[in-house]
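The sequence and structure come first.

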Amino acid sequence: MTITEVGRSRLRKEDAHLITGRSRYTDNITLPGMLHLAMVRSPFAHAKITSIDASAAKSSPGVVAVLTGADVAAEQGSLPNAWPITPDQKAPAHPAIAVDAVAFAGEVVACIIARSAAAARDAVELVDVSYEELPVVLDLEEALKDEVLAHPDLGTNKSATWIFDSGEAGTGKPISEALNGAEVLIERTFYQQRLIPAFMEPRSTLVDPTGEQITVWSATQIPHILRLMLALTLGIPESKVRVIAPDVGGGFGGKLQVTPEEAITVLAARHTGKPCKYTETRSESLMAAHHGRAQVQKVKLAATKDGIVTGLDVHLLADMGAYLGLVTSGVPILGAFMYNSIYKFPAYRFECTNLFTNKAWTDAYRGAGRPEATFAIERLMDELAVELGMDPLELREKNWIKHEEFPFTTVAGLEYDSGNYEAATAKALELFGYDELRAEQVRRREANDPVQLGIGISTFTEMCGLAPSRVLGALSYAAGGWEHAQVRVLPTGNIEVVTGSSAHGQGHETAWSQLVADRLGVPFENVEVLHGDTQTSQRGLDTYGSRSLTVGGMAVLAAADKVIEKAKVVAAHMMEASEEDIEFTDGKFSVKGTDQSTALGEIAFAVFSAHNLPDGFEPNLDSNATFDPQNFSFPHGTHLAAMEVDTETGQVTIRKYVCVDDVGVVVNPLIVEGQVHGGLAQGIAQALYEEAVHDDAGTLVTGSFVDYLVPSAPDLPHFTTARTETPSTTNQLGAKGVGEAGTIASTPAIVNGVLDAVRHLGVKDIKMPCTPSRVWAALEEAKTTGGVQ
Amino acid sequence: MASSKTITVEVDDVSYTDDVEPRLLLVQYLRERLGKTGTLIGCDTTNCGACTVHLDGVSVKSCTMFAVQADGHNVTTIEGLARDGKLAPLQQAFHQCHALQCGFCTPGMIMQSASLLTENPHPTEQEIRDGLEGNLCRCTGYQNIVAAVQAAADGTVSSDSTVSADSDESETAGVA
């Protein structure tokens with residue numbers, strides 16, 4: 001096989017329709033007789049619903065029907081949580097339309113069905129809902145006290161407590177050994193603020209109930225999981241549901257959900273017998289689509305005086321919000337295995353308490369658990385370096401796994417197959433100009449420059465390629481982690497690749513074409529990739545957790561290999577040779593030691609016509625494969641940020657950002673770089689700009705893009721990106737995954753850099769996002785407290 | 001329904017005359033009445049710019065205008081940008097520089113970029129970033145969008161289907 005495609009910066013096949021306005025996002029689709037939905041949402045974060053009078057809404061012009069929770073109570077079921085992390089996990093019932101009570105502001109209490117979107121929205125105002133307000137619990141520390149309950153009927157705000165202990169697991173020493181009598185103990189509390197995924201395309205669902213099957217178009221990352229879950233939740237035979245994810249405008253975990261709105265649109269279509277469409281407004285999206293992060297991390301790091309880390313103890317409070325969504329409860333667990341990061345300390349304990357509050361529920365957001373873990377350990381390494389007066393990079397190097405030590409079993413029990421932290425760091429330092437910037441930092445400090453310079457470091461790793469099914473089973477996740485693919489050979493020799501990994505901006509059509517073009521020796525242009533429709537792609541587990549290439553891509557390669565094996569039989573027959581003598585290279589089957597050969601395309605037509613095939617040969621080259629990974633993959637990298645802080649205004653500027661990522665073998669460098677850029681933007685946004693803020697009553701204050709500060713172009717710098725390449729040994733391609741790397745690495749790099757700029761002025765910590773007002777306040781506070789610990 | 005008003009608007013070189021509700025937004029008129037779904041809606045506060053079109057050659061956010069305000073005017077959407085089956089240089093540049101991922105911000109981003117280049121044909125990187133401040137993208141981190149606008153301004157847009165067989169140099173160097 002000649003490799004001509006893998007490693008090549010192919011421009012994307014996906015672009016043509018998107019740059020010309022021929023897009024097919026769900027809200028662009030219109031069906032005959034289609035009705036429009038609008039949701040009536042609770043303005044209160046916690047209340048009993050005492051009555052609903054929808055009569056005025058029902059008689060409003062254009063309104064066809066109004067559905068309340070009571071109307072659909074018998075059929076709406078309870079929305080799914082697929083990750084009961086403990087056998088005794090507590091979870092409230094989660095009706096799509098609230099029936100008796102609401103537990104967060106924005107929860108749906110009724111649905112208007114009308115002939116136009118405008119008529120539906122007009123009628124929202126006319127639904128008279130009487131509420132009896134209940135006290136709200138919003139803060140995690142308060143929730144822990146169980147004085148005010150988010151769901152009084154549960155009797156507690158605690159959903160579950162989950163513990164990993166390296167002493168008990170046999171993966172290391174007990175944490176008590178490290179903490180008792182530690183030469184140095186760093187104790188900190190970090191706040192992972194609540195974030196909103198804020199995909200650009202608002203969620204939209206269109207349901208066509210006509211015919212024998214219900215067809216659901218939805219702006220989702222997970223058409224296959226959605227099909228299964230809608231069937232189970234609403235009691236529809238799975239075979240009667242078809243889900244299509246057409247063009248999907250970003251997800252970042254935010255569309256990894258089975259939403260109330262999707263279920264309601266199905267119910268509305270079933271009630272009216274007509275196609276129904278719901279598209280949320282941006283304010284609804286910010287208020288009611290699931291949020292992310294929202295954790296309090298109480299951490300203790302033990303070390304020797306010469307900087308050898310001996311143990312880490314993590315106590316986590318994780319905000320579930322009001323309900324458990326699809327994987328809400330498991331997000332902290334995904335982080336549990338990553339707190340030790342690239343370091344090889346001997347003792348680790350993690351305890352997480354999942355708590356309910358009266359806010360929108362949280363769930364996966366880019367990185368899901370791993371950014372939080374990486375932030376904590378990378379902040380702690382900087383704190384330890386300060387405590388010991390060591391260079392933060394030198395401290396990290398003292399503790400990280402050396403490249404010759406792989407494979408390495410970590411204190412959290414994972415086997416890291418490969419990595420080279422030295423190489424990535426060396427490259428990053430070179431691109432960054434570390435020594436020069438440190439010298440400038442000294443100069444500015446000495447000169448008392450109002451604009452101070454800081455250097456932020458983050459050396460990270462993550463677990464990607466979710467996930468080995470057995471591991472998921474051991475963690476009580478309800479499903480597996482395999483992926484499916486089909487490679488179809490058309491009579492012309494053109495290839496159709498069907499993937500279960502449904503893309504929403506990642507460029508699978510291009511990358512999968514490259515994979516198959518190499519493997520089958522066919523032109524890139526002759527490969528078509530189909531995805532996102534459960535009728536063409538019957539099996540799949542969709543796109544999240546940087547899994548597409550390392551799991552889905554491997555299924556594609558395995559299916560292509562099966563095509564070659566089948567075609568080989570026909571090739572031998574056509575050329576009157578023995579199968580053992582047939583070789584396949586660059587799209588041609590040849591007979592060893594002769595100049596006889598036949599192309600895959602010729603075999604494709606011979607199989608199609610089926611006139612002269614070997615006895616018993618099934619006339620079909622199409623092949624299926626399902627790949628279940630045996631291990632995760634572990635991308636890593638070194639990110640360096642030069643941060644300028646104006647000590648007079650608190651303004652923070654990113655002067656330089658360098659990242660060197662090792663994501664293993666790369667199929668398309670252009671796409672990989674794009675993923676890194678976008679990931680960086682979201683991680684930086686957590687560090688500097690974004691936070692979902694609620695008032696004391698539990699109302700979202702940052703309810704529009706006026707207040708929820710998604711960064712725009714001038715808010716971000718030019719990134720210098722580079723790669724090192726240590727192939728993964730956990731899949732045949734050597735790929736590791738790149739979707740979340742930038743987000744995971746950049747947040748601690750930025751915050752470490754901000755603190756490094758002002759630490760000498762007495763500032764010890766700044767809560768994220770490090771806004772000018774927070775930075776300024778921290779500087780002022782340091783002045784009044786004398787700035788010394 | 002409130003009383004309707006008759007408007008005549010030229011959109012992508014075709015003249016349309018329609019009765020519209022006074023409260024109908026231009027973007028709703030484009031999408032719902034004319035089927036111009038290439039123009040997208042990403043927010044309801046004029047922050048995201050996904051709905052950006054040109055009104056008489058100047059970029060406007062079509063969610064911030066009523067359709068009746070476009071009466072007698074000329075509107076160009078992303079669907080009218082390509083001419084004679086040939087992509088506009090900015091469209092080609094967005095493709096070539098991998099300036100889009102999910103594509104949702106792309107129509108607005110391209111229309112705003114076009115307006116920016118009309119006003120300032122040779123912008124600096126900072127001028128491009130400032131000029132695109134009203135358009136949000138959640139996928140790209142803007143770097144490749146800035147590069148695309150720069151490429152269109154510099155006239156370095158080609159019609160090749162790959163950047164180059166070996167683009168590692170430009171990858172690792174982080175070109176502007």
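In chain B, the centres of domain 1 and domain 2, taken over C-alpha atoms, are 23 Å apart. The domain bounds, which come from an automatic or database domain assignment, are 5–80 for domain 1 and 89–166 for domain 2 of chain B. This is a predicted model, in which local features need pLDDT of at least 70 and side-chain atom pairs count only at pLDDT 80 or more, while totals for chains, interfaces and linings use all residues. Residues are numbered from 1 along each chain as its sequence is written, and chains are lettered from A and ligands numbered from 1 in the order in which they are written.

**Contact between the domains of chain B**

- Domain 1 of chain B contributes 15 residues to the contact and domain 2 of chain B contributes 11, where contact requires C-beta atoms, placed from the backbone, within 7 Å.
- On the side of domain 1 of chain B that touches domain 2, β3 (52–55) and β4 (58–61) of chain B each give two or more residues; helices (H or I, at least four residues) and strands (E, at least two) are DSSP runs numbered from the N terminus.
- The largest share of that side, three residues, is from β3(B).
- Its classes are seven nonpolar, eight polar and no charged residues, with Ala, Val, Leu, Ile, Met, Phe, Trp, Tyr, Cys and Pro as nonpolar, Asp, Glu, Lys and Arg as charged, and the others, Gly among them, as polar.

**Fold of chain B**

- Chain B has six helices and five strands, in the order β-β-α-β-β-β-α-α-α-α-α.
- Of its 176 residues, 52% are buried (20 or more other C-beta atoms within 10 Å; exposed means 12 or fewer, partly exposed in between, with C-beta atoms placed from the backbone).

**Contact between chains B and A**

- Chain B supplies 56 residues and chain A supplies 52.
- The helix α2 (89–96) of chain B is among those that supply at least two residues on the chain B side, and α2(B) gives the most, with four.
- The chain B side has 23 nonpolar, 24 polar and nine charged residues.

**Backbone details in chain A**

- The bond from A:L466 to A:A467 is cis, with omega near -5°, and A:A467 is in the loop between β18 (451–461) and α16 (469–474).
- A:D542 has a positive phi near 75° and is buried, with 28 other C-beta atoms within 10 Å.
- A:E576, also not a glycine, has a positive phi of about 50° and is exposed, with 8 C-beta neighbours inside 10 Å.

Note on methods
Contact = placed C-beta atoms within 7 Å.
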